[in-house]
Amino acid sequence: MAEVMSPIVSERIWALPVSGATVKFLQYLLYRSDFGGRLPVRQKDMAREYRVTPQAISNLIAPLCELNIVLRPKNGDGSKGNSYRLHPLAAKYADLDDMEAAFRSAIASIKAGDLPNLKLPAYAAVPPAEGRPNLQVA
């Protein structure tokens, strides 16, 4: 069975208040992540693979952390860890059953206050599916 992507972020990626470079980097993170969202690479390794500096990785990942799409798990002492993971509602899964189970668990964790909710922007209308939008400069 083919892997499945969470539609929560992927179908609304156009509405994220981040740069195109950050959206592209999110696609890299999805590619590199394990099923369920664990990222098995360190920031230094991401920089080498993505062919940028570690500071550039920090700049790309920061807006995703602000939206809670990327999480930095806390260490046992309460400090932020050096590892990253994708929010369970934004991750990829081996199959639909795994995704549904992870979503149920994530929603329960959000309600319990153990997991932050995604900070995705609300929108009133989706962009047009065909044709060009009527964009004008004020």
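In this predicted model, Phe25, Tyr28 and Tyr50 form one aromatic cluster.

**The aromatic cluster**

- The count of aromatic pairs comes to four, and one of them joins Phe25 and Tyr50 in an edge-to-face arrangement, with 5.1 Å from centre to centre and 80° between the planes.
- Because Phe25 belongs to helix α2 and Tyr50 to helix α3 (residues 43–50), this pair ties together parts of the chain that are 25 residues apart in sequence.
- The rings of Tyr28 and Tyr50 also have their centres 5.1 Å apart, but their planes meet at 50°, so this pair is classed as tilted; it links distant parts of the chain, with Tyr28 in helix α2 and Tyr50 in helix α3, 22 residues apart.
- Phe25 is buried, with a relative accessible area of 0%, and Tyr28 is likewise buried, with a value of 11%.

**Thr22 in helix α2**

- Thr22 lies in helix α2, which spans residues 20–32, and is buried with a relative accessible area of 3%.
- Leaving aside residues up to four places away in sequence, Thr22 touches Leu60, Pro63 and Leu64.

- Helix α5 runs over residues 96–112, and its 17 residues reach 24 Å from the first C-alpha to the last, close to the 24 Å expected at 1.5 Å a residue.
- The buried residues of α5 are Met99, Ala102, Phe103 and Ala106, and because they cover an arc of only 105° around the axis, they fall on the same side of the helix.
- Among the elements that cover these buried residues of α5 are β1 (4–5), α1 (7–10) and β4 (92–93), whereas on the other side of α5 Asp97, Arg104, Lys111 and Ala112 are exposed.

**Contacts across the chain**

- Among contacts between residues at least 6 apart in sequence, 60% join residues that are at least 24 apart.

Notes:
Residues numbered from 1 in each chain as written. Predicted model: local features only at pLDDT ≥ 70, side-chain atom pairs only at ≥ 80, totals over all residues. Heavy atoms only, no water. Contact = heavy atoms within 4.5 Å. Helix = DSSP H or I, 4+ residues; strand = E, 2+ residues; numbered from the N terminus. Buried < 20%, exposed > 50% of the residue type's maximum accessible area, 1.4 Å probe, protein only. Expected span 1.5 Å × (residues − 1). Arc of directions from axis to C-beta. Phe/Tyr/Trp six-rings, centres within 6.5 Å; stacked < 30°, edge-to-face > 60°.
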